[in-house]
Amino acid sequence: AEVKSRLPVLDVVGETVQLKKAGTTYKGLCPFHGEKTPSFIVTPGRESWHCFGCGEGGDIFSFVMRRDGVAFPEALRLLAARAGVEIDERTTREDARRKRLHEVVESAISFYHAVLTKSPTGERALAYLHDRGFSDETIEWANLGWAPPDWDALGRTLEKRRRMTMAEPVEVGLATPRKGGNGAYDRF
């Protein structure tokens, strides 16, 4: 937030794209695909950019990530240095930890969705959803899932297939530690 407040999107994008004012926005040729007429829009009021030609868009971080071919941490470092904002190592570790926990949640969503849509355990639940009028597209779009009856199926699967520890599902609230200390009970 500090970096974004110090670096207007118009300045960051304007280094790469020649922009012309068009009402409250600015237009230019997209740097990410070849085009002859401008479809690349920068909206200073929202601190965002969007290309109607290729569909790319975002903020200053996503622009630098796309332009320079770097991941978010590197884009953050580049922009923070330019803005004069100091990034400490603790913040970087916290960001990495948050990302890891986000991966745990995303993996759990994929696991439960696969149980519903691709395993015999979820067949009855899937049939119920179809009977209720849910289409396969809706089930896919909403990432609906089904929890198997095993007490530790999620934890075992994440540990085995995704190389996650049993403590990580506990940390994000998807499991509860066993009283004996060995393993965890899935909450679902």
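**Entry 1: Thr-157**

I looked up Thr-157 and found that it is buried, with a relative accessible area of 18%. The cut-off for the buried class is under 20%, so a value of 18% places Thr-157 within that class. I note here that the model is a predicted one. I then located Thr-157 in helix H8, which covers residues 153-161. Setting aside neighbours within four places in sequence, I recorded Phe-111 and Arg-162 as the contacts of Thr-157.

**Entry 2: Arg-67**

I next turned to Arg-67, which lies in helix H3 (residues 60-68). Is Arg-67 buried or partly exposed? I found a relative accessible area of 31%, so Arg-67 is partly exposed. Not counting residues up to four places away in sequence, Arg-67 touches Val-12, Glu-15, Thr-16 and Phe-32. For one of these residues, Phe-32, I also looked up the C-alpha separation from Arg-67, which is 7.5 Å. Arg-67 and Phe-32 are 35 residues apart along the chain.

**Entry 3: the sheet**

I examined an open sheet of five strands and wrote down its order as S1-S2-S3-S4-S5, with antiparallel pairing. Which strands stand at the edges? They are S1 (20-22) and S5 (57-58); each has a single partner strand, so one side of each is left without a neighbour in the sheet. In general, the strands of a sheet pair through backbone hydrogen bonds, in a parallel or an antiparallel manner. I followed the pairing of S1 with S2 (residues 25-28), which is antiparallel and runs over three bridges. Within S2, I identified Tyr-26 as the bridge partner of Lys-21.

**Entry 4: the whole chain**

I counted nine helices and seven strands in the protein chain.

The accessible surface of the chain comes to about 12,100 Å², and carbon and sulfur atoms account for 52% of it. Among contacts between residues at least 6 apart in sequence, I noted that 46% join residues at least 24 apart.

Last, I looked up the charges: the chain has 28 positive and 27 negative ones, and their mean positions are 1 Å apart.

How values were computed
Residues numbered from 1 in each chain as written. Predicted model: local features only at pLDDT ≥ 70, side-chain atom pairs only at ≥ 80, totals over all residues. Heavy atoms only, no water. Pairing = 2+ DSSP bridges. Helix = DSSP H or I, 4+ residues; strand = E, 2+ residues; numbered from the N terminus. Contact = heavy atoms within 4.5 Å. Areas by Shrake-Rupley, 256 points an atom, 1.4 Å probe, with all protein chains shown as cover. Lys, Arg positive; Asp, Glu negative; His and termini not counted. Charge placed at Lys NZ, Arg CZ, Asp CG, Glu CD. Buried < 20%, exposed > 50% of the residue type's maximum accessible area, 1.4 Å probe, protein only.
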